[in-house]
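Here's a quick briefing to read with the model open beside you. Have a look at the fold first, then work through the points below.

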Amino acid sequence: MYEPIRSKTVQSTAGESDFPHRTREEELDIQLAGHLAALLAVTDELGLGAEAERIAEQIARLRGTPPVRHAGRTGADPSDLHRRALALAGRALVVAASRADTAAAILAAERMDAHTAALRDTRLVGAP
């Protein structure tokens, strides 16, 4: 029939783990800081100093330390950079909304609007 286990098992229950777990809020903070850091790199690449400083402030608030800044420009196409920044700002907005971070959500939405306008302007300028 059935014989009870007499030695400790290799498996452990959820409450007995030895490594620390992060809360949902901590995970969202990490994700949001990551998206904002990527947005900061693209913003620095575009040479948008004042906007980059606002993003850096939010990253510092989330991480507790100022972010590492982008060292130099790569010469990438500005339209590509604006598209990338638009996507990153959108991701940051989703995470900021899910963690109810109004300041980061407003900043991300403003950056989305700015990059959308920049893309619209480059299409008008580049049109024959």
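This is a predicted model: local features need pLDDT of at least 70, side-chain atom pairs count only at pLDDT 80 or more; totals for chains, interfaces and linings use all residues.

Walk along the sequence and you get the pattern α-α-α-α.

**Overall layout**

- The chain has 128 residues, and buried ones make up 29% of them.
- Take the contacts between residues at least 6 apart in sequence: 71% of these join residues at least 24 apart.

**How α1 sits against α3**

- Helix α1 covers residues 24-46 and helix α3 covers residues 78-98; their axes come within 9 Å and cross at roughly 160 degrees.
- An angle over 145 degrees counts as roughly antiparallel, and α1 and α3 are therefore roughly antiparallel to each other.
- As for handedness, the α1 and α3 crossing is left-handed.
- On the α1 side, the contact uses Arg 24, Leu 28, Gln 31, Leu 32, His 35, Leu 36, Ala 38, Leu 39, Val 42, Glu 45 and Leu 46.
- On the α3 side, the residues involved include Pro 78, Leu 81, His 82, Ala 85, Leu 88, Ala 92 and Val 95.
- Sort the residues of this α1–α3 contact by type and you get 15 nonpolar, four polar and four charged.

**How α1 sits against α2**

- Helices α1 and α2 pack at about 155 degrees, and their axes are 9 Å apart.
- That makes α1 and α2 roughly antiparallel too, because their angle is over 145 degrees.
- α1 passes α2 in a left-handed crossing.
- From α1, the residues that meet α2 include Asp 29, Leu 32, Ala 33, Gly 34, Leu 36 and Asp 44.
- Their counterparts in α2 are Glu 51, Ala 52, Ile 55, Ala 56, Gln 58, Ile 59, Leu 62 and Arg 63.
- The α1–α2 contact splits into eleven nonpolar, three polar and four charged residues.
- Leu 32, Leu 36 and Leu 39 of α1 turn up in the contact with α3, and they're also listed in the contact with α2.

**Salt bridges around Arg 69**

- The count for the model comes to eight salt bridges.
- One of them pairs Arg 69 with Asp 44, with the closest N and O atoms 2.8 Å apart.
- This pair links distant parts of the chain: Arg 69 is in the loop between α2 (49-63) and α3, Asp 44 is in helix α1, and they're 25 residues apart.
- Arg 69 is partly exposed at a relative accessible area of 32%, whereas Asp 44 is buried at 16%.
- Arg 69 also forms a salt bridge with Glu 53, where the closest N and O atoms are 2.9 Å apart.
- Glu 53 itself is partly exposed, with a relative accessible area of 41%.

**Salt bridges around Asp 101**

- Which residue does Arg 61 pair with in a salt bridge? The partner is Asp 101, and the closest N and O atoms are 2.6 Å apart.
- Arg 61 is in helix α2 and Asp 101 in the loop between α3 and α4 (102-126), which puts them 40 residues apart.
- Arg 61 is partly exposed, with a relative accessible area of 43%, but Asp 101 counts as buried at 7% relative accessibility.
- Shared partners join Asp 29, Arg 61, Arg 99 and Asp 101 into one salt-bridge network.

- Arg 73 is in the loop between α2 and α3. Is Arg 73 buried or exposed? At 59% relative accessibility, Arg 73 counts as exposed.
- Neighbours within four places in sequence aside, Arg 73 is in contact with Asp 44, Glu 45, Leu 46 and Gly 47.
- C-alpha to C-alpha, Arg 73 and Leu 46 are 8.0 Å apart in space, and they're 27 residues apart in sequence.
- Ser 79 lies in helix α3 and is buried, with a relative accessible area of 16%.
- Not counting residues up to four places away in sequence, Ser 79 touches Leu 119 and Thr 122.

Note on methods:
Residues are numbered from 1 along each chain as its sequence is written. Side-chain values use heavy atoms; hydrogens and water are left out. Axes are lines fitted to C-alpha atoms, for helices over the stretch in contact, and angles run from 0 to 180 degrees between N-to-C directions. Helices (H or I, at least four residues) and strands (E, at least two) are DSSP runs, numbered from the N terminus. Angles under 35 degrees count as roughly parallel, over 145 as roughly antiparallel, 65 to 115 as roughly perpendicular and the rest as oblique. A crossing is left-handed if the near helix is turned anticlockwise from the far one by less than a right angle, and right-handed if clockwise. Contact means heavy atoms within 4.5 Å. Ala, Val, Leu, Ile, Met, Phe, Trp, Tyr, Cys and Pro count as nonpolar, Asp, Glu, Lys and Arg as charged, and the others, Gly among them, as polar. A salt bridge is a side-chain nitrogen of Lys or Arg within 4 Å of a carboxyl oxygen of Asp or Glu. Buried means under 20% relative accessible area, exposed over 50%, partly exposed in between (1.4 Å probe, protein chains only).
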